[in-house]
Amino acid sequence: RNYDDGVEYIGLGLCCEAAAALIIDRDEKFSLIPEAPLPYGIDLINGISEDIAAALDGFCVDKSCSDRAAFFLTLEILDGRWEELLKDLKKTPVSKKDRDEFINSRLIEFRNLLIYFLYRHKGNRKYAAESCRIIAEVCVRSGLDLKEISRMYSAEVEYSDVNTAIMEEGGYE
């Protein structure tokens, strides 16, 4: 549940495998029930039919993959497997080209992830962009499933009050 200007927004969390599948695998565009205007620029993201990676570039400056991995390694680590994936990514970073191709080859899934992060984190564009980027980079480097990495990310970052506070305050500069 999120509260913004006296309005309550209810949603699902990616850390649940079933919720991750519902969020990532949906083909329909995002909407609210009961019908209401979509907050946080979600209508714009719903309208993107190609190049989600370019939309992320419009949200915040893109740091290098190794810098991003190093930043996420400074956050509270709850699962050693997540830490090992980040260390591997820092050691052998993914190129922006490979990451962006991965994102755009899964246009609907990353559109859904981006909308999820915008919705859950009250339109925080930097949080949404950095979340999508690190998820994509870990997927490319590890070869693991997008839903599994999204679930791990959510459990590590979104469900840690410490990590969420850091991300919502702007993450790294």
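**Close-up legends for the predicted chain**

View A. S131 lies in helix α8; helices (H or I, at least four residues) and strands (E, at least two) are DSSP runs numbered from the N terminus. The model is predicted: local features need pLDDT of at least 70 and side-chain atom pairs count only at pLDDT 80 or more, whereas totals for chains, interfaces and linings use all residues. Residues are numbered from 1 along each chain as its sequence is written, and side-chain values use heavy atoms, with hydrogens and water left out. S131 is buried because its relative accessibility is 0%; buried means under 20% relative accessible area, exposed over 50%, and partly exposed in between (1.4 Å probe, protein chains only). With residues up to four places away in sequence set aside, S131 touches F117, Y153 and M167, a contact being heavy atoms within 4.5 Å. The C-alpha atoms of S131 and L114 are 8.3 Å apart, across a sequence separation of 17 residues.

**View B. The chain as a whole.** The chain contains 10 helices and two strands, and their order along the sequence is β-β-α-α-α-α-α-α-α-α-α-α. Of its 173 residues, 46% are buried. Among contacts with a separation of 6 or more, 74% join residues 24 or more positions apart. The accessible surface is about 8500 Å², and carbon and sulfur atoms contribute 52% of this area; the areas come from the Shrake-Rupley method with a 1.4 Å probe, and for residues only the protein chains shown count as cover.

**View C. Packing of helix α3 on helix α7.** Two packed helices are described by the angle between their axes and the distance between the axes. Here the axes of α3 (residues 52-59) and α7 (residues 107-120) come within 10 Å and cross at roughly 25 degrees. This crossing angle is why α3 counts as roughly parallel to α7. Axes are lines fitted to C-alpha atoms, for helices over the stretch in contact, and angles between N-to-C directions run from 0 to 180 degrees; those under 35 degrees count as roughly parallel, over 145 as roughly antiparallel, 65 to 115 as roughly perpendicular and the rest as oblique. On the α3 side the contact is formed by I52, L56 and F59, and on the α7 side by L107, F110, R111, L114 and L118. The residues of this contact comprise seven nonpolar, no polar and one charged (Ala, Val, Leu, Ile, Met, Phe, Trp, Tyr, Cys and Pro count as nonpolar, Asp, Glu, Lys and Arg as charged, and the others, Gly among them, as polar).

View D. In α3 the buried residues are I52, A53, A55, L56 and F59. Seen down the axis of α3, they fall within an arc of 155 degrees and so line one face of the helix; the arc is that of the directions from the helix axis to the C-beta atoms. These buried residues pack against α2 (42-46), α6 (96-105), α7 and α8 (125-142). In α6, R99, D100, F102 and I103 are buried. The buried residues of α6 also fall within an arc of 155 degrees down its axis, so they line one face of that helix. Their packing partners are α3, α4 (65-74), α7 and α8.

**View E. N112 in helix α7.** N112 lies in helix α7 and is buried, with a relative accessible area of 5%. Apart from its neighbours within four places in sequence, N112 is in contact with I23, I24, D25, R26 and E28.

**View F. Two loop residues with positive phi.** Most residues other than glycine have a negative phi. D51, in the loop between α2 and α3, has a positive phi near 60 degrees. K122, in the loop between α7 and α8, likewise has a positive phi, of about 50 degrees, although it is not a glycine. D51 is partly exposed at 38% relative accessibility, and K122 is partly exposed at 42%.

View G. T92 is located in the loop between α5 (80-91) and α6 and is partly exposed, at 34% relative accessibility. The C-alpha atoms of T92 and R141 are 7.9 Å apart in space, and the two residues are 49 residues apart in sequence. G170, in the segment after α10 (161-168), is buried at a relative accessible area of 16%. A C-alpha separation of 7.2 Å relates G170 to Y127, 43 residues apart along the chain.
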